[in-house]
Amino acid sequence: MDLAMAASLAALALIDSTSFGTLLIPIWLLLAPGRVKAGRMLVYLGTIAVFYFAVGMAIVLGATTFIDDLGALLDTRPAMWVQLAVGVGLVVLSFRFDSKKSKEGGGRMTRWRERALGIESEPGAVKTRTGALPLVGLAIGAATLEVATMLPYLAAIGIVTTAGIGGAATTATMAGYCLVMIAPALVLMTARLVARNAVEPLLVKINDWMTKNAASTTGWIVGIVGFLVARDAAWRLGLLEQLLNR
């Protein structure tokens, strides 16, 4: 692996580290009343990393095995029309993620936040749950919701798949990607443990911004991806050429 590839993968991993499951929920856990328990945070982040790694390796192995057949299938005109429809559908879907939906999105955010904080402590912060299973369930639930929008990760998988670096190097690279992805949350956890009063205001600001802009950010991502998918299909179908020649 060359330096340019490593830098690209690191940049994508850091983008992935700002998602709902990899940053916002960890921040909620860090803002919970009482002392932060590093072991519980590690259970949550470890589950996220393992889930992403398993999904990534499954996609890499599938792409490596069927890449020729898949490429031939995607080059057929019916597949291109399906791709065009999917792209247009994503663009239309992106308009659902707007300010008018803020109340609905806020309700979802509130439920997820209550679930995260409920794992940390009981009402009144008088009793702490010790089981790791709820944290694992929360991590898997958050990661599963993000599977359809893990665009940086899919881009990283594409880079690794086409690089031809071998099975062992691919496995190590995917594992390293997942570690970099959870690194910012680990840094915030460490800072919260050693300097609570200095770090909490920053955590509150990040939480407020992410919660407020989650829906619109998702909408922009979905819309941009839909446009790119539809444009690629339209170009390969010759629709753009026909339009320009009119």
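This tour moves through the structure in a series of selections and states what is found at each one.

**Before selecting anything**

The model is predicted, so local features are given only at pLDDT of at least 70 and side-chain atom pairs only at pLDDT 80 or more, while totals for chains, interfaces and linings use all residues. Residues are numbered from 1 along each chain as its sequence is written, and side-chain values use heavy atoms, with hydrogens and water left out.

**Stop 1: the whole chain**

Display the protein as a cartoon. It has ten helices and zero strands; helices (H or I, at least four residues) and strands (E, at least two) are DSSP runs, numbered from the N terminus. Of the 246 residues, 35% count as buried. Buried means under 20% relative accessible area, exposed means over 50%, and partly exposed lies in between, with a 1.4 Å probe and protein chains only. Among the contacts with a separation of 6 or more, 82% join residues 24 or more positions apart; a contact means heavy atoms within 4.5 Å.

**Stop 2: the largest nonpolar core**

Select I25, Y44, I48, Y52 and Y153. These have the most contacts inside the largest nonpolar core, which has 45 residues. Such a core is a set of buried Ala, Val, Leu, Ile, Met, Phe, Trp, Tyr and Cys residues joined through side-chain atoms within 4.5 Å. Helices that each supply at least two of its residues include α1 (3–16), α2 (20–30), α3 (38–74) and α8 (167–194). Which helix gives the most to this core? It is α3, with ten residues.

Now centre the view on Y44. Not counting residues up to four places away in sequence, Y44 touches G21, I25, P26, L29, L135, L138, A139 and A142.

**Stop 3: helix α2**

Select residues 20–30, which form α2. Why is α2 described as largely enclosed by the rest of the structure? The reason is that eleven of its eleven residues are buried. They run from F20, G21, T22, L23, L24 and I25 to P26, I27, W28, L29 and L30.

**Stop 4**

Two packed helices are described by the angle between their axes and the distance between the axes. Here, axes are lines fitted to C-alpha atoms, for helices over the stretch in contact, and angles run from 0 to 180 degrees between N-to-C directions.

The axes of α2 and α8 come within 9 Å and cross at roughly 15 degrees. The two helices are therefore roughly parallel to each other; angles under 35 degrees count as roughly parallel, over 145 as roughly antiparallel, 65 to 115 as roughly perpendicular and the rest as oblique. On the α2 side, the contact is made by T22, L23, P26, I27 and L30, and on the α8 side by M181, A185, L188, M189 and R192. These residues divide into eight nonpolar, one polar and one charged. Ala, Val, Leu, Ile, Met, Phe, Trp, Tyr, Cys and Pro count as nonpolar, Asp, Glu, Lys and Arg as charged, and the others, Gly among them, as polar.

**Stop 5: α2 against α6**

The axes of α2 and α6 come within 10 Å and cross at roughly 145 degrees. F20, G21, I25 and L29 of α2 meet L135, L138, A142 and E146 of α6. This contact divides into six nonpolar residues, one polar and one charged.

**Stop 6: α1 against α8**

Select α1 together with α8. Their axes are 8 Å apart, and they pack at an angle of about 45 degrees. That makes α1 oblique to α8. In α1, L9, A10, L12, A13, L14 and D16 meet T173, Y177, V180, M181 and P184 in α8. Nine of the residues in this contact are nonpolar, one is polar and one is charged.

**Stop 7: two single residues**

Select M174, which lies in α8. Is M174 buried or exposed? M174 counts as buried, at 1% relative accessibility. Leaving out residues up to four places away in sequence, M174 touches F53, G56, M57, V60, Y153, I157 and V160. M174 and Y52 are 122 residues apart in sequence and 9.0 Å apart in space, C-alpha to C-alpha.

Finally, select G226 in α9. G226 is buried, with a relative accessible area of 0%. Beyond its neighbours within four places in sequence, G226 is in contact with G87, L90 and V91. The C-alpha atoms of G226 and S94 are separated by 8.5 Å, although these residues are 132 residues apart along the chain.
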